[in-house]
Amino acid sequence: MSIARRIGPFALAELISQGPDSALYKAVRSGERHNPKEVCMRVAKNPLDNVVSLAIQNEYSVLKAMDNQRIPSVFGYFPEDVAIATSFIGGVNLSEILQAQREGLVRIAAGTAIDIAVEVAHALRHASNVIDSTGNRIVHGHLTPSDIHLRPDGNVVVTGFGANPSSSVLAYVAPEIMRGEMSSPQSDQWSLASMLIELISGEALYTDAGDIQGAARTGDIGHWLRMAIQAQPELEVALTTMLALDPEKRFARGHQLLKALLAAGRLIGGTVSRRSLVNQILSTKTKSPQPVEKRSPPSQRSALSVANTMPNEPELMNMDFGSFSELEPVARVDDVLHELSSIPESPTPPNVPRNSEPIDFFSPPAPDPVPSLLPSEFAGMALGGLMVLLGLTYVFWVL
């Protein structure tokens, strides 16, 4: 019988993923006195490797500096094991969602795609407003669909801040990063826009390109950008700005990016439900549903064949971003994109006690204790008696 490895108060329970230098586990805490009960534990494969040790310490420092519901919380650093404990997320990640879309198992509404992008943009904006221990603003730098998670309740969490990337996916790497420049909030914008295009069109950047490396280095994304804009013209301002070849021509501030995405979301409208999307993906893991109609296979083409068709970066349609000083809280942002949804995700209010009788939430509560006669019943009886008395009086005088 094997004994689970313990790190601090946690026992490693399940391997989630692993890279060349570290592994990510689900870990659980025994007993019921302290929270959290479940965490994600990143553990160095070789605790004596100073490079890996410094990288995990840096991830701990970056996450500790941030406090946001869309970014994992950090619960401890364990130097002897070179490990950190962060929030356990569960649910699904965007990579799984995109794979299900490619397989024809789900359809992703444009409103839901923008809603997810808005949540990620909030996380990126928060990070860029935080100064790390080196005095620099925090950026992600290697954002991919695997870093974007949807919890079972539909809330979005962005992981990977402060961590070393295990691998690079060229479809989500900004051209300036390919050329060796430092990552920035603007390079994170490019990564987010590339994912939004994939959610809208069902096809990743550089699909079937003849020279993917060259296309990624030059930012040859004209074909995919046009395909997404043709599907959703309301996204033209947001996408063409986020994907400008010159980082200086992308959105300078996080609130400008959010304003553009929210404006597109209002124009597109529709019902948004991240929770329903998560449930659909989770259901595909336990059963084999009938697939929806699949897209036709993309034809073979070269990314270089559209090298000169990239549209010019637009003026922002005279949108006055400078006067937009602060966005509303997250609940208000969600309300903007959910306002057209008339059907609640769960008909059961959250505070219904277990093992209780059904409660009618639309009727006023009965008084306690309940009288034998309600006021309305008493008034009815009194009125009836009065009518009988008047009737007898009338009969007496007539007869």
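Is W224 buried or exposed? I looked this up first. W224 is buried, with a relative accessible area of 1%. I keep in mind that this is a predicted model.

**Entry: aromatic pairs**

I then asked how many aromatic pairs there are. With ring centres within 6.5 Å as the cut-off, the count comes to two.

I took the pair of Y60 and Y77 to begin with. Their ring centres lie 5.7 Å apart and the planes meet at 35°. Planes under 30 degrees apart would count as stacked and over 60 as edge-to-face, so this pair is tilted. Where do the two partners sit? Y60 is in helix α1 (residues 50-65), and Y77 is in strand β5 (residues 74-78). They are 17 residues apart, and the pair links distant parts of the chain. I also checked the cover on Y77. Y77 is partly exposed, at a relative accessible area of 23%, because buried means under 20% and exposed over 50%.

Next I turned to Y206 and W224. Their ring centres are 6.0 Å apart, and their planes stand at 70°, so I noted the pair as edge-to-face. Y206 has 2% relative accessibility, so I count Y206 as buried.

**Entry: helix α5**

How far apart are the end C-alpha atoms of helix α5? I worked out the expectation before looking. The helix covers residues 185-201, which is 17 residues. The rule is 1.5 Å times one less than the number of residues, so α5 should span 24 Å. The end C-alpha atoms are 24 Å apart, which agrees.

I then checked burial along α5. Of its 17 residues, 16 are buried, so the helix is largely enclosed by the rest of the structure. Just after α5 comes G202, with a positive phi of about 80°.

Most residues other than glycine have a negative phi, and most peptide bonds are trans.

Which residues did I note against that? Y206 has a positive phi, near 70°, and is not a glycine. V82 has a positive phi too, near 50°. I found V82 in the loop between β5 and β6 (83-87). At 2% relative accessibility, V82 counts as buried.

I also looked for a cis peptide bond. One joins N35 and P36, with omega about 0°. P36 lies in the loop between β3 (22-29) and β4 (38-44).

**Entry: a sheet of three strands**

In what order do the strands of this open sheet run? I read the order as β7-β8-β9, with antiparallel pairing. The edge strands are β7 (92-93) and β9 (156-158), each pairing on one side only. I followed β7 into strand β8 (residues 148-150) and found two bridges joining them. V92 has L150 of β8 as its bridge partner.

**Entry: a surface patch**

Which residues form the nonpolar patch on the surface? I listed L383, L386, M387, L389 and L390. Together they have about 520 Å² of accessible area. I placed L390 in helix α12 (residues 375-398). An α-helix has 3.6 residues a turn, so residues three or four places apart point the same way.

Methods:
Residues are numbered from 1 along each chain as its sequence is written. This is a predicted model: local features need pLDDT of at least 70, side-chain atom pairs count only at pLDDT 80 or more; totals for chains, interfaces and linings use all residues. Side-chain values use heavy atoms; hydrogens and water are left out. Patches are made of residues with over 30% relative accessible area and no salt bridge: like charges are joined within 9 Å, nonpolar side chains (Val, Leu, Ile, Met, Phe, Trp, Tyr) within 5 Å. Accessible areas come from the Shrake-Rupley method with a 1.4 Å probe; for residues, only the protein chains shown count as cover. A salt bridge is a side-chain nitrogen of Lys or Arg within 4 Å of a carboxyl oxygen of Asp or Glu. Helices (H or I, at least four residues) and strands (E, at least two) are DSSP runs, numbered from the N terminus. Buried means under 20% relative accessible area, exposed over 50%, partly exposed in between (1.4 Å probe, protein chains only). Two strands pair if DSSP finds at least two bridges between them.
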